[in-house]
Amino acid sequence: MTLSEIYTCKLDSEAYGLLNQYPNMVKWWTQQTKEPPATFSGFRNHYYSAWKNAWNNYNSQHAQTSSLAAYNMLKLSKGQPIEELKYSFAVISPRIVKIEDEKLVFPTKQSKKAHIQLLPKNQTQKTLLEQTQNKYWQINQILLTPNWCTIPLTRYLSLTQEKEDNLIQKLRK
């Protein structure tokens with residue numbers, strides 16, 4: 001089962017710093033090739049070392065997510081240059097993010113972490129955060145903006161045991 005929730009959030013300076021740089025990272029990837037890339041892994045692997053030099057000290061998962069965003073943009077635009085990204089956003093890998101006390105926590109640069117305060121709008125969102133912190137849900141790729149984030153959560157269930165799952169029953173109330 002997968003649920004996606006949109007949370008209002010308050011970003012710290014590390015998160016704002018990433019939001020300011022992330023669209024530039026995506027644009028950087030799009031400027032590396034004049035042809036739509038044949039495969040994502042080939043595209044990422046070919047330019048990864050250059051990305052590490054250009055974005056010194058940033059966590060390598062930001063290379064992964066920004067290259068994927070760029071790859072998809074290049075495929076959709078059929079290789080046409082992408083002039084400008086108008087919005088501040090970042091895609092956060094599930095490999096590096098966790099929830100602690102209603103905050104998203106993930107590394108941005110070497111030895112630096114973003115702490116994003118999530119503002120649950122109802123008891124369901126609050127319960128989902130508690131359950132996720134307790135490892136009941138797995139976090140998937142997060143879309144972050146200056147004011148909100150979308151958090152997809154996955155739980156693998158046995159359909160024969162779903163009715164007996166107390167945490168799901170609690171969430172349904």
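Predicted model: local features only at pLDDT ≥ 70, side-chain atom pairs only at ≥ 80, totals over all residues.
In which crossing does α2 pass α3? The tour returns to this point once the chain as a whole has been viewed.

**The whole chain**

The chain contains five helices and eight strands. Followed from the N terminus, its elements run β-α-α-α-β-β-β-β-α-β-β-β-α. Of the 173 residues in the chain, 43% are buried. Among contacts with a separation of 6 or more, 69% are between residues 24 or more positions apart.

**Helices α2 and α3**

Next, select residues 40-54, which form helix α2, and residues 60-77, which form helix α3. The crossing in which α2 passes α3 is right-handed. The two helices pack at an angle of about 130 degrees, and their axes are 10 Å apart. Because an angle of that kind falls between the perpendicular and antiparallel ranges, which end at 115 and begin over 145 degrees, α2 and α3 are oblique to each other.

To view the contact itself, display the side chains on both helices. On α2, the contributing residues are Phe 40, Phe 43, Arg 44, Tyr 48, Trp 51 and Lys 52. On α3, they include Ser 60, His 62, Ala 63, Leu 68, Tyr 71 and Leu 74. By type, the residues of this contact comprise nine nonpolar, five polar and two charged.

**Thr 33**

Now move to the loop between α1 and α2, where Thr 33 lies. Is Thr 33 buried or exposed? Its relative accessibility is 18%, and the limit for a buried residue is 20%, so Thr 33 counts as buried. Beyond its neighbours within four places in sequence, Thr 33 is in contact with Phe 43, Tyr 47 and Leu 74.

**The nonpolar core**

Select Ile 92, Leu 104, Phe 106, Leu 144 and Ile 151, the residues with the most contacts inside the largest nonpolar core, which has 45 residues. Helix α1 (residues 13-30) supplies the largest share of this core, eight residues. Centre the view on Leu 104: leaving out residues up to four places away in sequence, Leu 104 touches, among others, Val 97, Ile 99, Ile 116, Cys 149 and Ile 151.

**Val 91**

Finish in strand β2 (residues 90-92), which holds Val 91. With 14% relative accessibility, Val 91 counts as buried. Val 91 and Leu 144 are 53 residues apart in sequence, yet their C-alpha atoms are 6.2 Å apart in space. Not counting residues up to four places away, Val 91 touches Tyr 22, Thr 65, Gln 141, Ile 142 and Leu 143.

Definitions and conventions:
Residues numbered from 1 in each chain as written. Heavy atoms only, no water. Axes fitted to C-alpha atoms, helices over the stretch in contact; angles between N-to-C directions. Helix = DSSP H or I, 4+ residues; strand = E, 2+ residues; numbered from the N terminus. Parallel < 35°, antiparallel > 145°, perpendicular 65-115°, else oblique. Left-handed = near helix turned anticlockwise from the far one by under 90°. Contact = heavy atoms within 4.5 Å. Nonpolar A, V, L, I, M, F, W, Y, C, P; charged D, E, K, R; others polar. Core = buried A, V, L, I, M, F, W, Y, C linked by side-chain atoms within 4.5 Å. Buried < 20%, exposed > 50% of the residue type's maximum accessible area, 1.4 Å probe, protein only.
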